[in-house]
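Please walk through this protein model from its core out to its surface. Keep the 3D view open as you read.

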Amino acid sequence: MSTTAKLYTLNLTNTKTYLFAAIFIVGNLLLPQLAHLVPQGGFIFLPIYFFTLIAAYKYGIHVGLLTAILSPLANSLLFGMPPVAVLPAIIIKSVILAIAAAFVAKRFSKVSLVGILLAILAYQVIGTGIEWAMTQNFAAAVQDFKIGLPGMLIQLVGGYFVLKTLAKV
């Protein structure tokens with residue numbers, strides 16, 4: 001399934017880059033708060049990545065990277081989640097997601113379930129490998145695959161429908 005869409009690559013000199021990044025960062029602040037109402041909700045739903053996926057796919061690498069880096073930092077500073085100890089792994093995965101989503105969107109030039117799935121798999125597989133190398137803890141590194149599958153499905157299906165809705169904008 002795919003749909004044609006207006007996809008953008010906003011540069012760092014465009015004020016819209018910062019406006020859209022701010023909007024997606026707010027989304028990445030609010031969604032984790034909702035997810036954390038469920039026990040282990042952050043681990044299950046992986047909410048910190050959702051709007052990073054949307055930002056990078058729809059508006060390009062710069063909006064995606066700003067969202068990927070600033071969302072976890074702001075969440076940690078404001079709410080203590082994620083804890084500082086896991087921030088590096090989360091930021092690395094977020095950056096990989098932003099790069100993968102922007103690349104796939106540019107390559108496919110449309111909203112595509114396959115494209116979104118490739119972006120999700122890229123950040124999870126590469127990010128898991130990097131996290132394992134950083135922590136030397138395989139169990140912690142594969143945690144997203146053990147209990148985060150619902151979150152990846154939400155990213156895939158929810159991301160597709162949000163991007164499809166934004167396709168005309």
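The paragraphs below take the core, the salt bridges, the helices and loops, and then the surface.

This is a predicted model, in which local features need pLDDT of at least 70 and side-chain atom pairs count only at pLDDT 80 or more, while totals for chains, interfaces and linings use all residues. Residues are numbered from 1 along each chain as its sequence is written, and side-chain values use heavy atoms, with hydrogens and water left out.

Start with the core. The largest nonpolar core has 33 residues. A nonpolar core here is a set of buried Ala, Val, Leu, Ile, Met, Phe, Trp, Tyr and Cys residues joined through side-chain atoms within 4.5 Å. Buried means under 20% relative accessible area, exposed means over 50%, and partly exposed lies in between (1.4 Å probe, protein chains only). Tyr-49, Tyr-57, Val-63, Ile-116 and Tyr-123 have the most contacts inside this core. At least two core residues come from each of H1, H3 (50-59), H4, H5, H6 and H9 (149-166). Which helix gives the most to this core? H5 does, with nine residues. Helices (H or I, at least four residues) and strands (E, at least two) are DSSP runs, numbered from the N terminus.

Now look at Val-63. Leaving aside neighbours within four places in sequence, Val-63 is in contact with Leu-10, Thr-17, Phe-20, Ala-21, Phe-24 and Ala-55. Contact means heavy atoms within 4.5 Å. One of these partners, Thr-17, is found in helix H1 (residues 15-35). Thr-17 counts as buried because its relative accessibility is 0%. With its neighbours within four places again left aside, Thr-17 is in contact with Leu-10, Asn-11, Leu-12, His-62, Val-63 and Leu-66.

Gly-60 sits in the loop between H3 and H4. Is Gly-60 buried or exposed? It is buried, because its relative accessible area is 4%. Not counting residues up to four places away in sequence, Gly-60 touches Tyr-8, Thr-9, Ala-55 and Ala-102. Phe-45 is 15 residues from Gly-60 along the chain, and their C-alpha atoms are separated by 24 Å.

Next come the charges. How many salt bridges does the structure hold? It holds two. A salt bridge is a side-chain nitrogen of Lys or Arg within 4 Å of a carboxyl oxygen of Asp or Glu. Lys-93 forms one with Glu-131, with the closest N and O atoms 3.2 Å apart. This pair links distant parts of the chain: Lys-93 is in helix H5 and Glu-131 is in helix H6 (residues 113-135), 38 residues apart. Lys-93 also forms a salt bridge with Asp-144, and here the closest N and O atoms are 2.9 Å apart. That pair, too, links distant parts of the chain, with Lys-93 in helix H5 and Asp-144 in helix H8 (residues 143-147), 51 residues apart. Lys-93 is buried, with a relative accessible area of 2%. Glu-131 is buried at 13%. Asp-144 is buried as well.

Follow H5 along its length. Helix H5 (residues 87-108) has 22 residues and should span 32 Å at 1.5 Å a residue. The expected span is 1.5 Å times one less than the number of residues. The end C-alpha atoms of H5 are 31 Å apart, which agrees.

Just after H5, Ser-109 takes a positive phi of about 60 degrees, although Ser-109 is not a glycine. Ser-109 lies in the loop between H5 and strand S2 (110-112) and is partly exposed, with a relative accessible area of 49%. Gln-40 also has a positive phi, near 65 degrees, in a residue other than glycine. Its place is in the loop between H1 and helix H2 (41-45). Gln-40 counts as partly exposed at 48% relative accessibility.

Finish at the surface. Leu-77, Leu-78, Phe-79 and Met-81 form a nonpolar patch there, with about 440 Å² of accessible area together. Patches are made of residues with over 30% relative accessible area and no salt bridge; like charges are joined within 9 Å, and nonpolar side chains (Val, Leu, Ile, Met, Phe, Trp, Tyr) within 5 Å. Accessible areas come from the Shrake-Rupley method with a 1.4 Å probe, and for residues only the protein chains shown count as cover. Phe-79 is in helix H4 (residues 61-79) and counts as partly exposed at 41% relative accessibility. The peptide bond from Met-81 to Pro-82 is cis, with omega near 0 degrees. Pro-82 is found in the loop between H4 and H5.
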